[in-house]
Amino acid sequence: MDYFRTIGTPTPGTRPAAALADAPVLLQDLPRASRWGRLAAVRGAALSIEGLGGGLAIGDRMMVRRPGHPPVQGEFVAFEGDIAVAVPEGHTEGLAPGARVWLDEPLALSPSDAWLGRVIDGQGQPLDGKGPLPAGRRAVPLRRRAPDALTRRLVGPRLETGLRALDVFTPICRGQRMGIFAASGVGKSTLMGMLARFVEADVIVVGLVGERGREVREFLDQTLGEEGRARSVVVVSTSDQPALARRRAAQATLAVAEHFRAEGKQVFLLLDSVTRLAHAQREIGLAAGEPATARSYTPSVFNELPALLERAGPGPEGEGDITAVFTVLVDGDDHDEPIADAVRGILDGHIVLDRRIGERGRWPAIDVLRSVSRALPRCHSADENAQLAEARRLLGAYADMAEMIRLGAYRAGSDPLVDSAIRHQPALEAFLGQQVDERVAAPEAFARLGAVLREEGGP
């Protein structure tokens, strides 16, 4: 094993180690032993390191220094014989064969209330130029297990989001985990910003994983706004950063949210996007030598998703809740692609954004007929469920006959339900649309829906 140990000298003024009683004091003065190996190969996003010996584990961290460049840090992802494979979280220019690779300290965050209003990276370093972040009383690991299934509390009452389409058709309860499924350019970021500004929560935690660098500032200043940003902690990793940094940003987002949940607070978490997290994990898995499966995703992708998403939700007794919304960027509008399909099976409901609805000019472009909340029907009252059922019945009848109606092939009087749906359609479409700065309380939303259903309208 290729290693060395550094042995320090006692601090000035201490007596020689003649008495056994002095041993603990002298041992405290010695620096910790350090281990290092040598860089054997660099293959794409994988570093092969030899000479570190036993005692390593998947997830341990490493660091390699390079002349004229900052050190490259990384994480061990595979082992084979005496060779350890690590994935770097920085660019590898300047690395040379035989370079010393050191074991590094594990990462942990120490969040506090002073982090509200701040923008950080996955290591907890500030990105907003507002100075250093005050450390909290305790450190939390980036990777941890979800609360035990039998000790965590049940999902709580309905959480008002301020959006009519959600509070009525796809309600979110405290501790529930929902997904927003959308292709690019369908208003996903705008919907996230409305939720962050309107939702009733003590703390907002936002994770931007693999986000385009140009859009980070736009999301912070325009979409999230000053009001939303003031009560938020935003974790950012842009698309040009290595896969390990992007995955770590998602883990840090959950770690910050877990800290505030342990403080007894109601936390609203927004993570954009799970798909980019899956892409990062795929890169890591391929570097580790995993086989590619469905659409080239590696098996570790489908292990990482539940391990991360299950961390959100209600806490044990005495703690708060993490109500979470995870976005899924569906490739090519395919809502049955592997990541979307896997995430739907993990979460407690899904919100579908449809490009065709946006093209008709209705925003947010939520397809309420394809969206599902597993909190129904218990989170609504009996009267509210009755209104919801009637509205879905009318919307469904219109959707079934929409093509014939547009072509003029439907003859009025053929079906009383379709006739009623046609008369109510303009008012229901107006009800589902909402301005980005318009917040509507849930009771007001149901009152307006009741008025729409009572009106016959139309010719």
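Tutor: A crossing of two helices is left-handed if the near helix is turned anticlockwise from the far one by less than a right angle, and right-handed if clockwise. The structure above is a predicted model, in which local features need pLDDT of at least 70 and side-chain atom pairs count only at pLDDT 80 or more, while totals for chains, interfaces and linings use all residues. Residues are numbered from 1 along each chain as its sequence is written, and side-chain values use heavy atoms, with hydrogens and water left out.

Student: Is the crossing of helix 7 and helix 8 left-handed or right-handed?

Tutor: That crossing is right-handed. Two packed helices are described by the angle between their axes and the distance between the axes. Here helix 7 (residues 299-309) and helix 8 (residues 338-346) meet at about 35 degrees, with axes 10 Å apart. Axes are lines fitted to C-alpha atoms over the stretch in contact, and angles run from 0 to 180 degrees between N-to-C directions. Helices (H or I, at least four residues) and strands (E, at least two) are DSSP runs, numbered from the N terminus.

Student: Which residues make the contact of helix 7 with helix 8?

Tutor: Contact means heavy atoms within 4.5 Å. Helix 7 supplies V301, F302, L305, P306 and L309, and helix 8 supplies P338, I339, A342, V343 and I346. These residues divide into 10 nonpolar, no polar and no charged. Ala, Val, Leu, Ile, Met, Phe, Trp, Tyr, Cys and Pro count as nonpolar, Asp, Glu, Lys and Arg as charged, and the others, Gly among them, as polar.

Student: How many residues has the largest nonpolar core?

Tutor: Nonpolar side chains tend to be buried together in soluble globular proteins. A nonpolar core joins buried Ala, Val, Leu, Ile, Met, Phe, Trp, Tyr and Cys residues through side-chain atoms within 4.5 Å. The largest one has 98 residues, and F169, F268, F326 and V343 have the most contacts inside it. Helix 5 (residues 243-262) gives the largest share of this core, eight residues. Beyond neighbours within four places in sequence, F326 touches residues including R177, L271, L309 and L347.

Student: Is helix 3 mostly covered or uncovered?

Tutor: Burial is read from relative accessible area: buried is under 20%, exposed over 50%, partly exposed in between (1.4 Å probe, protein chains only). Helix 3 (residues 188-198) is mostly covered, with nine of its 11 residues buried. K188 and R197 are among the buried ones, and the partners of this buried set include strand 12 (177-182) and helix 4 (213-230).

Student: Why does S420 count as buried?

Tutor: S420, in helix 11 (residues 416-432), counts as buried because its relative accessible area is 13%. S420 and R362 are 58 residues apart in sequence, and their C-alpha atoms are 21 Å apart in space.
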